[in-house]
Amino acid sequence: MSEHANLLRRHRAVMPSWMALNYSDPIEIAGGKGARVTDAEGNGYLDFFTGILTNMLGYDVPEVRDAVERQLATGVVHTSTAYLLRGQVELAEKIARLSGIPDAKVFFANSGTEANETALLLAAYARRSDQVLAMRQSYHGRSFAAAGVTGNRAWRNLSFSPLDVHFLHGADRHLPQFAGMSDERYIEACVADLRHVLATATGGDVAALVAEPIQGVGGFTMPPDGLFAAYKSVLDEFGILFISDEVQTGWGRTGEHFWGIGGHGVTPDMMTFAKGLGNGFAVGGVVARGDLMDALPALGISTFGGNPISMAAANATLDYVLDHDLQANAAKQGATIIDGLRRAAGRLPIVSDVRGKGLMFAVELTDPRTGEPSPPLAAALMEAARERGLLIGKGGLYGNVVRMAPPMTLTAAEAAEGLGILIASLETVNEEAA
Ligand code: PLP
């Protein structure tokens, strides 16, 4: 048995059956540099998914490595919220300023799940209500509260939640009831749904709406700009808080704006973040209006939240994003790839949609014979791209959306290379499906 096959056997024996499911033969990533990774068997790949949007600057970035090594050299490798930590204050100042939220304060955790858990706790406490609104097809994490506001059966797992959750249908305009609608009509229909849910399904005070401005796991669904401003005007009537989950959409990845919510003309009361901020090191958190953050008498200790190593990595990563204007790079490289995919889609009947903003784009795959969403075609595309040396991701309500989020440092040459591989892989899968 090869070393690789043996590792897979050991993994399946002692780890959950729902892990390491990408590819028929899961990859062991052994190293990385820039936008490329190498597996343990020596195969190289261009990485268009970067973990799951975790290495947003790519791999082995000297500025991040140096910052972490400098922190390690101080000997300070433990923390808790009981002490003053310079790295936390510096990062909180930057995020508060960038957030646009008035009098913002920041709390650091270790993951997106914890970030959302914290935001929901803050909202429930501030409004003295356990009722929340969330979006169908959303994904917010794997704890009870975060899974409870997840509107996707595959990820929701259990039907009970510590919160009383009501789902809105505004995230995915591909649903049949929205077919052919203009943006204005679509937004009107979503607002009518929100009012209907508030009037009929909730029992009075609602704490918050939590939503991803672009759904990640849900398949990079892209509601029209302005939807969340329209929602917010209704929420404000009822004193309901708005939490924007920016775990996948933050830091300029969408090109047009620094936050995913940017194009909607609305300032959330809180935003949650995680994933790319530490460029591979674990960091998540909430940025919220100071009055909401301070309303909780004691959020308590987070032993590892905001630890000095993560803070060093996150400060260096965020500085890099800003100093190199990676938002502009995301807009530029993303536009090239999205345009190229759109042009190719015309001759590929398996592609029912190409959508994206900046370096966050997706291809939706449908069986041309039945018109039904096709998860096997998405799986086949992933395998075909892997064979050609490109890593991509999967998602969508039906698992038929191939999602991509390359590092924000992507060069024009890498964008062209990845696009070429994607088109060649789509052509192969298209031919096989015909
Ligand atoms: N929120 C969104 C939008 C996510 O995509 C994810 C993870 O994929 C989470 C929250 C949960 O983050 P984590 O896996 O770091 O707990």
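Biologist: Which residues does Val363 touch, not counting residues up to four places away in sequence?

Modeller: A contact list of this kind leaves out the residues up to four places away in sequence. In this predicted model, Val363 touches Leu341, Val351, Asp353, Asn400, Val401, Val402, Met404 and Leu426. The residue itself is placed in strand β12, which spans residues 360–365.

Biologist: Is Val363 buried or exposed?

Modeller: Burial is read from the relative accessible area, with buried meaning under 20%. Val363 has a relative accessible area of 1%, so the residue counts as buried.

Biologist: How far apart in space are Val363 and Val132?

Modeller: Val363 and Val132 are 231 residues apart in sequence, and their C-alpha atoms are 31 Å apart. For Ala92 and Asp172, the sequence separation is 80 residues and the C-alpha distance is 33 Å. For Pro62 and Ala316, 254 residues apart along the chain, the C-alpha atoms are separated by 9.8 Å.

Biologist: Where do Ala92 and Pro62 lie, and why is Ala92 counted as buried?

Modeller: Ala92 belongs to helix α4, residues 86–99, and Pro62 belongs to helix α3. Ala92 is buried because its relative accessible area is 17%, and the cut-off for buried is under 20%. Pro62, with a relative accessible area of 38%, is partly exposed. Leaving aside neighbours within four places in sequence, Ala92 is in contact with Val106 and Phe108.

Biologist: Which residues have the most contacts inside the largest nonpolar core?

Modeller: A nonpolar core joins buried residues through side-chain atoms within 4.5 Å. The largest one here has 60 residues, and those with the most contacts inside it are Ile95, Phe108, Tyr231, Trp251 and Leu277. Helix α11, residues 308–323, gives the most to this core, contributing nine residues.

Biologist: What does Tyr231 touch, not counting residues up to four places away in sequence?

Modeller: Tyr231 touches Met135, Leu168, Gly170, Cys190, Val191, Leu194 and Leu209 under that exclusion.

Biologist: Which residues surround the ligand?

Modeller: One first lists the shell, then examines individual atom pairs. The ligand is surrounded by Ser111, Gly112, Thr113, Asn116, Tyr139, His140, Gly141, Glu212, Asp245, Val247, Gln248 and Lys275. By class, this shell has two nonpolar, seven polar and three charged residues. Helix α5, residues 112–127, supplies the largest share of the shell, three residues.

Biologist: Which atom of the ligand is 2.8 Å from the side chain of Asp245?

Modeller: A nitrogen atom of the ligand is 2.8 Å from an N or O atom in the Asp245 side chain. On the oxygen side, a polar side-chain atom of Lys275 lies 3.0 Å from an oxygen atom of the ligand. A backbone N or O atom of Gly112 also lies 2.9 Å from an oxygen atom of the ligand. Taken alone the ligand exposes 390 Å², and the protein buries 86% of that.

Biologist: With which side chain does the side chain of Thr249 make a polar contact?

Modeller: A polar contact is read from a pair of atoms and their distance. The side chain of Thr249 makes its contact with the side chain of Glu246, at 2.7 Å. Thr249 lies in the loop between β8 (241–245) and β9 (270–273). Its relative accessibility is 1%, so Thr249 counts as buried. Leaving aside neighbours within four places in sequence, Thr249 is in contact with Pro213, Ile214, Thr254, Phe258, Trp259, Gly260 and Met360.

Biologist: What is the phi of Asp60, and what is the phi of Phe220?

Modeller: Phi of Asp60 is near 55°, a positive value in a residue other than glycine. Phe220, which is not a glycine, has a positive phi of about 50°. Asp60 lies in the loop between α2 (50–53) and α3 (62–74), and Phe220 in the loop between β7 (208–211) and α9 (227–238).

Biologist: Which of the words buried, partly exposed or exposed applies to Asp60 and to Phe220?

Modeller: Asp60 is partly exposed, with a relative accessible area of 33%, whereas Phe220 is buried, with a relative accessible area of 0%.

Methods: Residues numbered from 1 in each chain as written. Predicted model: local features only at pLDDT ≥ 70, side-chain atom pairs only at ≥ 80, totals over all residues. Heavy atoms only, no water. Buried < 20%, exposed > 50% of the residue type's maximum accessible area, 1.4 Å probe, protein only. Helix = DSSP H or I, 4+ residues; strand = E, 2+ residues; numbered from the N terminus. Contact = heavy atoms within 4.5 Å. Near = heavy atom within 4 Å. Polar contact = N/O pair within 3.5 Å; in protein donor to acceptor, adjacent residues only side chain to side chain. Areas by Shrake-Rupley, 256 points an atom, 1.4 Å probe, with all protein chains shown as cover. Nonpolar A, V, L, I, M, F, W, Y, C, P; charged D, E, K, R; others polar.
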